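Open the model in your viewer and keep the selection tool ready. The tour goes from pockets to strands, then to charged pairs.

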Amino acid sequence: QTLPGPSGADFTDFDKIKFTITTKTGKSVSVQADRCGGDTSYAKVDVDGKEVFRHSMPDEEDKANVTTLEKEYPGAMPYF
């Protein structure tokens with residue numbers, strides 16, 4: 001997508017991306033991102049099709065701090 005930036009110049013950037021990298025030994029990692037999909041990010045690890053780990057951001061500690069930060073930095077984008 002191409003949109004004007006703060007300077008007025010046009011910039012082209014992605015909204016969504018998805019890819020998989022596979023090593024020569026058969027190990028693989030996949031990345032999927034949707035920059036317009038909300039304020040939550042997460043990573044998960046699957047082994048043999050079963051989820052064995054997940055981490056989300058913001059976590060509960062970050063969420064509890066948002067109100068304080070919003071007062072300290074009014075107008076800041078929510079993902080910062």
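What volume does the second largest pocket have? About 160 Å³. This is a predicted model, in which local features need pLDDT of at least 70, side-chain atom pairs count only at pLDDT 80 or more, and totals for chains, interfaces and linings use all residues. Residues are numbered from 1 along each chain as its sequence is written, and side-chain values use heavy atoms, with hydrogens and water left out.

**Pockets**

Select Gln1, Leu3, Pro4, Gly5, Phe11, Asp13, Phe14, Asp15, Arg35 and Cys36; they line the second largest pocket. A pocket here is an open set of points on a 1 Å grid over the protein atoms alone, where a 1.4 Å probe fits, with protein on both sides within 12 Å along at least five of seven lines; lining residues have an atom within 4 Å of a point. Volume is the space filled by probe spheres set on the points, which are joined across faces, edges and corners. The lining of this second pocket has 5 nonpolar, 2 polar and 3 charged residues. Ala, Val, Leu, Ile, Met, Phe, Trp, Tyr, Cys and Pro count as nonpolar, Asp, Glu, Lys and Arg as charged, and the others, Gly among them, as polar.

Now go to the largest pocket, with about 1,500 Å³ of space. Select Asp39, Thr40, Ser41, Tyr42 and Met57, which lie nearest its centre among 36 lining residues. By class, 18 lining residues are nonpolar, 9 polar and 9 charged. Colour E3, E4, E5 and H1: each supplies at least two residues of this lining. The largest share, 7 residues, comes from E4. Helices (H or I, at least four residues) and strands (E, at least two) are DSSP runs, numbered from the N terminus.

**Hairpins**

Select residues 16–22 and 28–34. These are strands E3 and E4, antiparallel and joined by 7 bridges; strands count as paired if DSSP finds at least two bridges between them. Ile17 has Ala33 of E4 as its bridge partner. Between E3 and E4 lie 5 residues of a hairpin, and Gly26 in the turn has a positive phi of about 95 degrees.

Move on to E5 and E6, antiparallel over 7 bridges. Their hairpin has 2 residues between the strands. Stop at Asp48 in that loop. Asp48 is not a glycine, yet has a positive phi of about 55 degrees. Is Asp48 buried or exposed? Exposed, at 80% relative accessibility (buried is under 20%, exposed over 50%, partly exposed in between, with a 1.4 Å probe and protein chains only).

Next, select Met57 and Pro58. A cis peptide bond joins them, with omega about 0 degrees. Pro58 sits in the loop between strand E6 (50–57) and helix H1 (60–72). Most residues other than glycine have a negative phi, and most peptide bonds are trans.

**Charged pairs**

How many salt bridges does a search of the whole structure find? It finds 3, each a side-chain nitrogen of Lys or Arg within 4 Å of a carboxyl oxygen of Asp or Glu.

- Show Asp46 and Lys44: N to O is 3.8 Å. Lys44 also stands opposite Arg54 in E6.
- Show Glu51 and Arg54: the closest N and O atoms are 2.9 Å apart. Arg54 is partly exposed, at 41%.
- Show Lys63 and Glu60: N to O is 3.5 Å. Being 3 residues apart in H1, they are separated by about one helical turn. Glu60 is exposed, at 60%, while Lys63 is partly exposed, at 44%.
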